[in-house]
Amino acid sequence: MLTGMLFIVAIIIAIEVPPLWRKKLKKELWAFSLLLLFGTILGLAQALEFKIPNPLDWVISVYKPVSDLMDVWLK
Amino acid sequence: MPENVKISIRQFTVLVMLITIGDSILVLPSIAAFEAKQDVWISGLIGLAVGLLAVYIFSMVGKLYPHLTLVQSIQEIFGKWFGTFVSLMFLFYTFLSVVAHTRETGDFVTSVMMQETPTQAIQILFVCIVIMAVRLGLEVIARTGEIFLPWIIFFFLILVILLSPQAEFEKLQPILENGIKPVLHGSLSCIAFPFMELVVFLMIFPYVNQPQQIRKGFLQGVLLGGIVLIIIITVSILVLGPDHTARSMYPTYSLARRVTVGRFFERVEAMLALMWTLTIFMKVTLYFYIFNLGLAQLLKLKGYRMLTLPVGLLLIVLTPVISPSITYFNKVISKYWPYFDLTYGLLLPLLLLAVYFVRTKFKRSTN
């Protein structure tokens, strides 16, 4: 799982970085690297079985009052 | 952003229709029938009516700045800081949609067709194709839609025609057994899932080559897609009955299993699975394209293609995270997701229109 993950990251870097580097697109390279770093960290955290916060829990906590209200109102 | 692509109005209409059908064709009957029972077809009609109205509002928003995508016009209307914040929230919404739909695909394939295969394997393959399509660009996605459409309509017609002998109209009775309220409750998901999610089309308005016909094409696509959905919802109730429809996770799939013609034409469910895979593929691809395009425009990058692979990685990593179990996921989708959709599909366009008109009025009065 870990090695597979790093292997995929390496492939992604090999595909994307050389053309960006050649064209000297600095900003694009930054955006690419930060996203990739974020994805890699999350992936590693998952492979090592750390607990990653679930974005759907945030959605639930935001919309729970509305949903409960509608449930009562449209009963 | 030098994204010089153009799609024709016909391709736009086809895309709208396919994305309206999207994943709804498989899951909507069950979610809506849970609340509305045998009256779910009324919920579907309400959903279509509100959906057409919503699309009319979208096209109004699109006309404010015909040359800007949604992310750009949000920044134009709300100003730099608040605009960036709203754009980020919108991108978060599209990304979460992509993750949820990918998860749905994996869940569907592993739970009904390939039980032994790990969900992640299917999701990785699926995301690879999606990334490939998105890297090829909007024109290719639109043409793919045109190729898929006849097949989807063909499979849909075969399914409906072969099921029609099994329809029992008694299952629709009693109409409005518990009053109008459960029907309205059921219509909430009928409004949100197929129609509110079309708000992402505001991101590709500038790429349509005949902007003055967008409203007409948009309404046509929604109407056709909505009719397909209402027919499938009604057929689910007529053949399976309200209880079975509400209880099963994929009622349309159970429907297809019922098809049998003289004991030699059976197992049509594979055809349905193929049709659904095509429509959800179009939906995920368009959402993924829009997320990458929006992010690139927000960061003012030259092109979006370098973002696709890292975002795809993030997508694969997040799919197991968002749903520890299938019950949790289904509960979120049926209970909370409609409001999430409504926030971006209804609240955001209305807010954009209101702020735009207040600002132009204010400017005129100071002059």
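**Entry 1: what I am looking at.** I note at the start that this is a predicted model.

**Entry 2: the build of chain B.** I looked up the secondary structure of chain B and found 14 helices and 0 strands. I then checked its radius of gyration, which is 21 Å; the globule rule also gives 21 Å for 367 residues, so chain B is as compact as a globular protein of that length. I wrote down the span of its C-alpha trace along the principal axes as well, about 75 × 45 × 40 Å. Of the 367 residues in chain B, 60% are buried.

**Entry 3: salt bridges.** My search over all chains gave 7 salt bridges. A reminder to myself: side chains of opposite charge can pair when their charged atoms come close.

**Entry 4: a pair in chain A.** I picked out Lys64(A) and Asp68(A), whose closest N and O atoms are 3.4 Å apart in a salt bridge. Both sit in helix α3 (residues 55-73) of chain A, and because they are 4 residues apart there, about one helical turn separates them. Lys64(A) is partly exposed, at 36% relative accessibility. Asp68(A) is partly exposed too, at 30%.

Entry 5: Which residue does Asp23(B) pair with in a salt bridge? I found Lys283(B), with 3.1 Å between the closest N and O atoms. Asp23(B) is in the loop between α1 (9-21) and α2 (24-36), while Lys283(B) is in helix α12, so this pair ties together parts of chain B that are 260 residues apart in sequence. I also asked myself: are these two buried or exposed? Asp23(B) counts as buried at 7% relative accessibility, and Lys283(B) counts as buried at 0%.

Lys283(B) also meets Glu197(B) in a salt bridge, at 2.6 Å from N to O. Glu197(B) comes from the loop between α8 (181-192) and α9 (214-240), 86 residues away from Lys283(B). Glu197(B) is buried, as is Lys283(B). Through shared partners, Asp23(B), Glu197(B) and Lys283(B) form one network.

Entry 6: I followed up Lys300(B), which lies in the loop between α12 (269-298) and α13 (305-321) of chain B. Its relative accessibility is 58%, and the cut-off for exposed is over 50%, so Lys300(B) counts as exposed.

Technical notes:
Residues numbered from 1 in each chain as written. Chains lettered and ligands numbered in written order. Predicted model: local features only at pLDDT ≥ 70, side-chain atom pairs only at ≥ 80, totals over all residues. Heavy atoms only, no water. Helix = DSSP H or I, 4+ residues; strand = E, 2+ residues; numbered from the N terminus. Buried < 20%, exposed > 50% of the residue type's maximum accessible area, 1.4 Å probe, protein only. Rg over C-alpha atoms; globule rule 2.2 N^0.38 Å. Salt bridge = Lys/Arg side-chain N within 4 Å of Asp/Glu carboxyl O.
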